[in-house]
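Could you walk me through this structure in plain words? I'm new to it and would like to know what to look at.

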There are 2 protein chains.
Amino acid sequence: MASSRPKPKPAHRELHSTMIASQLENEIVSGRLKAGSKLDEQSLTQRFGVSRTPIREALHVLVARSLAERVPYRGVLVVDITRDRIEQMFEAMGEIEALCGRFAAERMTIGERGELEELHRRMNTMAADGDSEAYEAANTEFHGRIFASTHNEDLIELANNLRLKLAPFRRSQLRQAERMARSSEEHEAIVSALLDRDPKRAEKALRRHLVSAAREVLARMP
Amino acid sequence: MASSRPKPKPAHRELHSTMIASQLENEIVSGRLKAGSKLDEQSLTQRFGVSRTPIREALHVLVARSLAERVPYRGVLVVDITRDRIEQMFEAMGEIEALCGRFAAERMTIGERGELEELHRRMNTMAADGDSEAYEAANTEFHGRIFASTHNEDLIELANNLRLKLAPFRRSQLRQAERMARSSEEHEAIVSALLDRDPKRAEKALRRHLVSAAREVLARMP
DNA sequence: GATGATTTGTACGTATGTATA
DNA sequence: ATATACATACGTACAAATCAT
């Protein structure tokens, strides 16, 4: 891309730290960086060809996202993500989603309900067409909208953060038509409960939805 | 302040960034730094007599804790903490504590139950003695133990984070004997439900406890 | 137990993009 | 519209505390 441009000065606004953070995140989650590996600033500066400053920021992010931990005077180490840990994450996410569903059922505006229903309909089409990429993006929006409908900033933030934390493990999970169809069915129950303003049903439907997602992810694990 | 230093010996291991972060946190929460104030690195370096690096780190922390927000090319601004925002925080915390209580009631080990009961008894004494400092510390431990008894790392982390986020607003709230006594009464109901392994009662008792705490904090607000 | 390597926090300079006067 | 101030990200250098040999 940027090769024969007469401007040899690379735009500094490249957010190296962010890019490095997601790069490392990928490698940790994919297993290429094994648990216990030392992420020492020195090597990383050489590997990414940048100075320590952006590396430090990236490591801060990884630690904040619990993908690495800093041991005093030992360095930053890749955390050990066991099957049990993933189960716990999904369990927590299930309860948070259920909580959000309960609140949303009571507080959604008529506009929010209409928009969610429409999004759900569009997702049905995507599932039928097998457009997994669009479905994945829409799925994130679907859950985000439910969070938003709680009208509680802290719940929204908390739910989004946890979802983000889980994202790496869920990656490409919806790539299969079969899973998309099942997801869409489960969404049907969720939407139905929300439109009916039924907190209990919404809660249960979302909890089940997450159990289902967890099963899918865990099935692909060692 | 830091002007005529001939050779400002940088006393290193002092964790400047952390200290600066909590100092600023105090000022934001206490209202000495008003909403919208610009936290520009330049002025802060002079005020704290350090370079921009630790200031940067401190600002990252404040932004992460939602006490400030970074507006591109505008700087870091102190967020506006309205009464409504505090209500939302307590509402969210109430649901999270209730959730933890429900899980804990089912999963607490017999050892954990015994220790919680003992802590509760010690807290009764502290309340009777009016030892508010000890009570405050013990109270944090009390709730932390309930979180821990969920045996779900993510719930524990999430609950502790939210509690930390609320801490500034709750500060010194238990300083009054009256509030301590009421707190202890409410803890009684919580402990009772947990010892009986009654998830529903634990859930409700914790939710009520938070409503009570919120009322106390909000009563002192403009 | 002294020495050197490592980790970590900090100081300061610089380049570049954005906003504002 | 141009110039100036400013916010931001990165680079480099150093000091100090700890760990390992």
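Helix 4 and helix 9 of chain B cross in a right-handed way; a crossing is called left-handed if the near helix is turned anticlockwise from the far one by less than a right angle, and right-handed if clockwise. Helices and strands here are DSSP runs (H or I of at least four residues for helices, E of at least two for strands), numbered from the N terminus. Helix 9 of chain B covers residues 199-219, and helix 4 of chain B packs against it at an angle of about 155 degrees with the axes 7 Å apart. Those axes are lines fitted to C-alpha atoms, for helices over the stretch in contact, and the angles run from 0 to 180 degrees between N-to-C directions. Helix 4 and helix 9 of chain B are therefore roughly antiparallel to each other. As for the wording, angles under 35 degrees count as roughly parallel, over 145 as roughly antiparallel, 65 to 115 as roughly perpendicular, and the rest as oblique. Sorted by class, the contact of helix 4 with helix 9 of chain B holds 16 nonpolar, 2 polar and 7 charged residues. In that sorting, Ala, Val, Leu, Ile, Met, Phe, Trp, Tyr, Cys and Pro are nonpolar, Asp, Glu, Lys and Arg are charged, and the others, Gly among them, are polar.

Before going on, a word about what you're looking at. This is a predicted model, where local features need pLDDT of at least 70 and side-chain atom pairs count only at pLDDT 80 or more, while totals for chains, interfaces and linings use all residues. Residues are numbered from 1 along each chain as its sequence is written, and chains are lettered from A and ligands numbered from 1 in the order in which they are written.

Helix 4 of chain B also turns up where the two chains meet. There, 15 residues of chain B are in contact with 15 residues of chain A, contact meaning that the C-beta atoms of two residues, placed from the backbone, lie within 7 Å. On the chain B side, helix 3 (52-64), helix 4 (83-107) and helix 7 (153-170) each supply at least two residues. Which of the helices gives the most to that side? Helix 4 of chain B does, with 7 residues. By class, the side of chain B that touches chain A has 7 nonpolar, 3 polar and 5 charged residues.

Strand 1 (residues 68-71) and strand 2 (residues 75-78) of chain B pair in the antiparallel sense over 4 bridges; strands pair if DSSP finds at least two bridges between them. B:Glu69 sits opposite B:Leu77 in strand 2 of chain B. With 3 residues between the two strands of chain B, the turn includes B:Tyr73, which has a positive phi of about 60 degrees.

Now over to chain A. Chain A has 9 helices and 2 strands, and from the N terminus on its elements run α-α-α-β-β-α-α-α-α-α-α. Its C-alpha trace spans about 55 × 45 × 35 Å along the principal axes. Of the 222 residues of chain A, 30% count as buried. A residue is buried if 20 or more other C-beta atoms lie within 10 Å of its own, exposed if 12 or fewer, and partly exposed in between, with C-beta atoms placed from the backbone. Residues 24 or more positions apart make up 70% of the contacts in chain A with a separation of 6 or more.

In chain A, the axes of helix 2 (residues 41-48) and helix 3 (residues 52-64) come within 9 Å and cross at roughly 115 degrees. That makes helix 2 of chain A roughly perpendicular to helix 3 of chain A. Here A:Glu41, A:Leu44 and A:Thr45 of helix 2 meet A:Arg52, A:Ile55 and A:Arg56 of helix 3.

One last stop is A:His151, in the loop between helix 6 (132-148) and helix 7 (153-170) of chain A. Is A:His151 buried, exposed or partly exposed? It counts as partly exposed because it has 16 C-beta neighbours inside 10 Å. Phi of A:His151 is near 55 degrees, a positive value in a residue other than glycine. Most residues other than glycine have a negative phi. A:His151 and A:Arg107 are 44 residues apart in sequence, with 7.3 Å from C-alpha to C-alpha.
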